[in-house]
Every structure is written in C-alpha cells, then in structure tokens.
Amino acid sequence: MTAEDDQLRHAFGRVRDEVGKAVVGQGGAVSGLIIALLANGHVLLEGVPGVAKTLLVRALSTALALDTKRVQFTPDLMPGDVTGSVVFDPASAKFEFREGPVFTNILLADEINRTPPKTQSALLEAMEERQVSIDGVSHQLPHPFIVAATQNPIEYEGTYPLPEAQLDRFLLKVTLPLPERDTELEVLRRHSGGFDPRALEAAGVTAVVGAAEIAAARAAVTRVGARDDVLGYIVDLARATRLSPSVRLGVSPRGATALLAAAKAWAWLSGYDAITPDHVKAMAVSVWRHRIQLRPEAELEQVTADAILQSILQQVQVPI
C-alpha cells in the first residue's frame, strides 16, 4: 500500500464521519454503500419504514461532491420518467432528447418495488451498461454512476417484486435493522436538539470526497491481489449454494465475480494488499442473499437465505 492509498482510505473514513452526523447506528450500511461505490456496483437497501434508508443515501450523497437525484417510484411512473424521452422542440422544429433523472452520479430509487416491471426494467441497461438507449441512440451516463434503491420487506400490497435479472445487478443487498435502545435514544436526543433530516447542511454534513478521489480509489481496488486458493474458495462457496437442498437457484458466475469485487473493496479499505478468506466471508451474505432462490418447502419452513449462506460458510473448507 502506498501513501496515496493511505490518504484515500482516510478520506473515505471521513465520509463515514460525515454520514454519522446525520445517521446513527447504521455503520454496516454505510460501509456497504462505500464498498459498492468503490466496486462500481449498486446497492439495494431493505428495511421497515423509519430506519433511515433514504436519509442514509442522502447523507452519503451530501458527503460526496457528486450530483444526486431522487426518484419516488410509484405505480404510475413511466419508463420515460426515469430515463428521459424524445420530445419535439417547436423552436428548432426538431425532436430532441431530454435527459431523465437517471443521468446523475447517485440515483436514489426510493421504494423501487412500488413501480410496475415495465418501469423497473428501464433501469436494467443503465445499471449494467451505464448507458440509456432511446430510439436506437445510446446515451452514456456520468461517471461514477450508482443506483441506491430502497424497499420495504414487510408490505407487499401494491408492490411488484424485483425480477431475478434485476436483483442480480445489485452488488449488495443491505438490511437495516431496527436500532438498539441506546441508538434510538441518541436519535431522539438529536431531534430534541433541533436536528432536521431535510436540512443536512445545517447538521454539518459537508462534501469531503469527489469524483477524482473515487476514481483513484477504484483504481487502487483493482490492484488488490487474490491468490488462486482464495479464488477457488469463492468458487467452492458458489457451487455449494447450487447443491444446497433448500435452494432452487444458486449463485451464478456473475455472483462469484461480484463477491470477488466486494471482497477486494473491503480488503483495500482494511489496508490489505490482497484479499483473504476473512474478507470473502465478511461480504458473502450481503453479496449473495438476494441472488439465491429458495425451494417452496424451505420457505414454508421459514428457512432464510442468510441462514443457508451462514451454514455454507461454516461447511466449506477455508484455505490456509
């Protein structure tokens, strides 16, 4: 690791500190968003209403000197409302492309499962190819580009579950639990002291990292090494999900490469030159919990994807 790497890691540590001025007790989710940013991936945030999913993304956006836009996904939202559309300009008597909110660095897709599949699919090309195609013309999205989507895990009336093809395009699925008593007490203290979640600048959240630092950090992450035995460990874990009797659809090779990318980002943030099995194990559940489909009988027995993955992590031999 170079001195420049140390400076970059320190800068991303300051991002955590800035987000902490607005969000209490969600350190794991903050780390997940930073890892996705470094690994050029997207994040699905899942939690019951009121656990600061949207506030978390807004606070991160404020701590980064990047353009951010929010889309509230609703049943009447159309694909063009996200990607943009071609409109006729009377002044020039020509059809022109008007960019939608997806043309940004961080897209907050709020309650993404409340919009129909037709509109959900409008994000597929943007998330995978970092471009939008309208009338046969491709329009490149800004760099960096990350989708941070939120959804409620308990309310299914009037929602449209994300298809596997779209779930697979999220690098991480981060769950936000209800806070512990001390954490919730600190939230109330801040609100009692005048904290306004709609005015993050007033709370002291400032931008500390920009596009140049993100690009340099991403380049550093790609230089993190991986021994063959650790790569084999990732493959063995992925194959174990496909052989599990409770799993109908296991992790694909894309899921294995996603785990590698996330492990590299976490290793770099932790100051390592190469990933270890511990980095793989630390990221496996977040990277894979949304990529496996359970058999109906397992769901009836209330078996969870997290439990299956934890069991696999305990059973697959770890390289020494």
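This briefing describes the cores, salt bridges, backbone features and surface of one protein model. The model is predicted: local features need pLDDT of at least 70, side-chain atom pairs count only at pLDDT 80 or more, and totals for chains, interfaces and linings use all residues. Residues are numbered from 1 along each chain as its sequence is written, and side-chain values use heavy atoms, with hydrogens and water left out. Helices (DSSP runs of H or I, at least four residues) and strands (runs of E, at least two) are numbered from the N terminus.

**Nonpolar cores**

- The largest nonpolar core has 78 residues; such a core is a set of buried Ala, Val, Leu, Ile, Met, Phe, Trp, Tyr and Cys residues joined through side-chain atoms within 4.5 Å.
- Helix α11 (residues 253–269) supplies the largest share of this core, nine residues.
- Here and below, buried means under 20% relative accessible area, exposed over 50%, and partly exposed in between, with a 1.4 Å probe and protein chains only.
- The residues with the most contacts inside the largest core are F12, V15 and W268.
- Not counting residues up to four places away in sequence, V15 touches I34, L60, A63, L64, V208 and V209, where contact means heavy atoms within 4.5 Å.
- Another core, of 22 residues, lies apart from the largest one, and V71, F73, L107 and I112 are among its members.

**Salt bridges**

- Side chains of opposite charge can pair when their charged atoms come close.
- The whole structure holds 14 salt bridges, each being a side-chain nitrogen of Lys or Arg within 4 Å of a carboxyl oxygen of Asp or Glu.
- D5 pairs with R223 in a salt bridge, with the closest N and O atoms 4.0 Å apart.
- This pair links distant parts of the chain, 218 residues apart: D5 is in helix α1 (residues 3–20), and R223 is in the loop between α9 (211–222) and α10 (228–243).
- D5 is buried at 6% relative accessible area, whereas R223 is exposed at 58%.
- D168 and R291 form a salt bridge through their side chains (2.6 Å, N to O), and both residues are buried.
- D168 lies in the loop between α7 (164–167) and β10 (172–175), while R291 lies in the loop between α12 (277–288) and β13, 123 residues apart.
- A network of salt bridges links D168, R254 and R291.
- A further salt bridge joins the side chains of R114 and E111 (3.0 Å, N to O); R114 is buried at 18% relative accessibility, and E111 is partly exposed at 27%.

**A buried polar residue**

- Q293 is in strand β13 (residues 293–294) and counts as buried because its relative accessibility is 15%.
- The side chains of Q293 and R248 make a polar contact (2.3 Å).
- Leaving aside neighbours within four places in sequence, Q293 is in contact with E164, V247, R248 and L249.

**Backbone features**

- The peptide bond from H143 to P144 is cis, with omega near -5 degrees, and P144 sits in the loop between β8 (137–140) and β9 (146–151).
- R130, although not a glycine, has a positive phi of about 60 degrees.
- R130 is in the loop between α6 (124–129) and β7 (131–134) and is buried, with a relative accessible area of 11%.
- Q302, also not a glycine, has a positive phi of about 60 degrees.
- Q302 is in the loop between α13 (296–300) and α14 (305–315) and is exposed at 70% relative accessibility.

Definitions and conventions: Polar contact = N/O pair within 3.5 Å; in protein donor to acceptor, adjacent residues only side chain to side chain.
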